[in-house]
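Reader: I am new to protein models and would like to learn how to read one. Could you take me through it step by step?

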Amino acid sequence: MTLLHTAAALRDLPRHSGARAVVMTMGALHEGHATLVRAARRRAGAQGQVVVTVFVNPLQFGAGEDLDRYPRTLDADVELALAAGADAVFAPSVDEVYPGGEPQVRITAGPMGTRLEGASRPGHFDGVLTVVAKLLHLTAPDLAFFGEKDAQQLAVITRMAADLNFPVEIIGVPTVREDDGLALSSRNRYLSAPERRTALALSAALFAARDRLTAEEALRARAACTAHAAQDRSAALAALGEDRAAADAHAVAYAAAVPRHAPSVARAAARAVLEDAARLDPPLVLDYLALVDPSDFTEISDAYVGEAILAVAAKVGTTRLIDNLRLTFGAESPASGAASGDRDDVTPVHQEAPAPASAARERSAPATAVPPTPPTGPLGATR
């Protein structure tokens with residue numbers, strides 16, 4: 001009973017004595033999906049059960065999107081899922097999931113589903129929530145695992161489960177990145193070599209924002225200790241011809257004098273990278289860059305304190321890609337969402353989660369008193 005195609009077969013699948021976990025996918029599985037399955041396996045334990053669903057959901061594709069050409073690789077998907085620790089793969093047909101045709105009754109994502117991805121793809125999240133609700137009913141899991149790369153999708157699914165009292169724990173798993181920083185996605189296979197080089201600007205923009213935020217928070221931390229002396233020190237050093245040291249002292253004094261504006265600084269650092277990428281061949285065509293409150297996906301102000309999500313979506317050629325990074329504003333530590341190393345653990349999304357990090361490349365650069373020079377190209381930020 002490794003590969004199941006019908007709801008009846010799924011109902012006949014014996015439950016194990018432990019928890020049942022589900023990982024929902026649209027197929028074309030890659031290492032990011034394998035990470036989800038491994039996380040589910042660890043959490044469910046040896047006595048638990050892991051079910052992977054493979055279903056390309058037509059409800060979440062809009063007119064002109066890539067439903068017909070979306071990759072379908074079921075044999076390889078089953079092999080990868082089982083190797084990662086799944087007990088069964090549920091791969092129903094469209095008729096099995098929607099036996100009466102497109103459902104007349106659907107779940108709406110509400111206001112959060114109309115922002116960012118929802119604004120660019122009207123109705124997308126209604127289609128996502130409708131199929132997720134159906135698959136939750138069919139698989140009846142205790143735990144459901146979703147990737148943090150699709151941050152807005154994870155947020156609306158979490159909200160649906162809470163608002164509609166689904167008896168399931170929704171768990172987010174950190175984004176997995178390729179060695180060059182590009183977030184793993186089934187759509188990456190559409191990119192030509194030149195398009196892939198341009199696409200690296202998405203992750204580079206996020207890392208640039210993180211690095212600039214780290215420097216900004218470090219300056220403010222120093223300013224809290226040296227506020228009044230720094231300006232006098234700057235003038236004295238300038239008189240001695242110590243320009244670099246004078247600039248350092250001036251930057252600290254400036255940080256003490258102006259209101260907190262780290263969100264604007266982070267946005268500007270990311271946008272500079274994306275603007276450079278728009279001039280490449282092929283160009284990056286930006287859909288949105290947004291710095292939002294994770295609870296409702298509304299833009300944050302410069303007074304915001306706490307965790308936020310910097311999200312980006314863009315097209316390179318005919319391929320649309322998304323990415324995001326969690327940043328923390330106003331924290332005592334300037335870690336700002338950087339990684340402390342490879343991490344393959346998971347965090348329930350209803351708790352305050354540490355920022356996602358899948359590899360050492362997302363470590364923050366050491367804090368420096370002088371803000372780094374803004375990146376001059378799409379790969380100008382450190383990974």
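Author: Let's begin with a definition: a residue is buried when its relative accessible area is under 20%, exposed when it is over 50%, and partly exposed in between (1.4 Å probe, protein chains only). Asn165, at 65% relative accessibility, therefore counts as exposed. This is a predicted model, in which local features need pLDDT of at least 70, side-chain atom pairs count only at pLDDT 80 or more, and totals for chains, interfaces and linings use all residues. Residues are numbered from 1 along each chain as its sequence is written, and side-chain values use heavy atoms, with hydrogens and water left out.

Reader: How many helices and strands does the protein chain have?

Author: Helices (H or I, at least four residues) and strands (E, at least two) are DSSP runs, numbered from the N terminus. The protein chain has 10 helices and 10 strands. Of its 383 residues, 54% count as buried.

Reader: Which residues of the largest nonpolar core touch the most other members?

Author: A nonpolar core is a set of buried Ala, Val, Leu, Ile, Met, Phe, Trp, Tyr and Cys residues joined through side-chain atoms within 4.5 Å. The largest one here has 43 residues, and Val132, Leu136, Phe146, Ile170 and Phe297 touch the most other members. Among the elements giving two or more residues to this core are strand 2 (20-25), helix 6 (124-139) and strand 5 (143-147). Helix 6 gives the most, with 8 residues.

Reader: What is Val132 in contact with, leaving aside its neighbours within four places in sequence?

Author: Contact means heavy atoms within 4.5 Å. By that rule, Val132 is in contact with Met24, Phe146, Ile157 and Met160.

Reader: How many of the residues of helix 6 are buried?

Author: The count is 12 of 16, so helix 6 is largely enclosed by the rest of the structure. Val128, Val132 and Leu136 are one part of the picture: Val128 and Val132 are among the buried residues of helix 6, and so is Leu136. To judge helix length, take the expected span, 1.5 Å times one less than the number of residues. Helix 6 reaches 22 Å from its first C-alpha to its last, close to the 22 Å expected.

Reader: Where does Ala140 lie?

Author: Ala140 lies in the loop between helix 6 and strand 5. Its phi is near 50 degrees, a positive value in a residue other than glycine. At 38% relative accessibility, Ala140 counts as partly exposed. Asn165 also has a positive phi, near 60 degrees, and lies in the loop between helix 7 and strand 6 (169-173).

Reader: At roughly what angle do the axes of helix 2 and helix 3 cross?

Author: Two packed helices are described by the angle between their axes and the distance between the axes. Axes are lines fitted to C-alpha atoms, for helices over the stretch in contact, and angles run from 0 to 180 degrees between N-to-C directions. The axes of helix 2 (residues 31-44) and helix 3 come within 8 Å and cross at roughly 35 degrees. Ala34, Val37, Arg38 and Arg41 of helix 2 make the contact with Leu80, Ala81 and Ala84 of helix 3.

Reader: Which two residues does a cis peptide bond join?

Author: They are Asp281 and Pro282, with omega about 0 degrees. Pro282 lies in the loop between helix 10 and strand 7.
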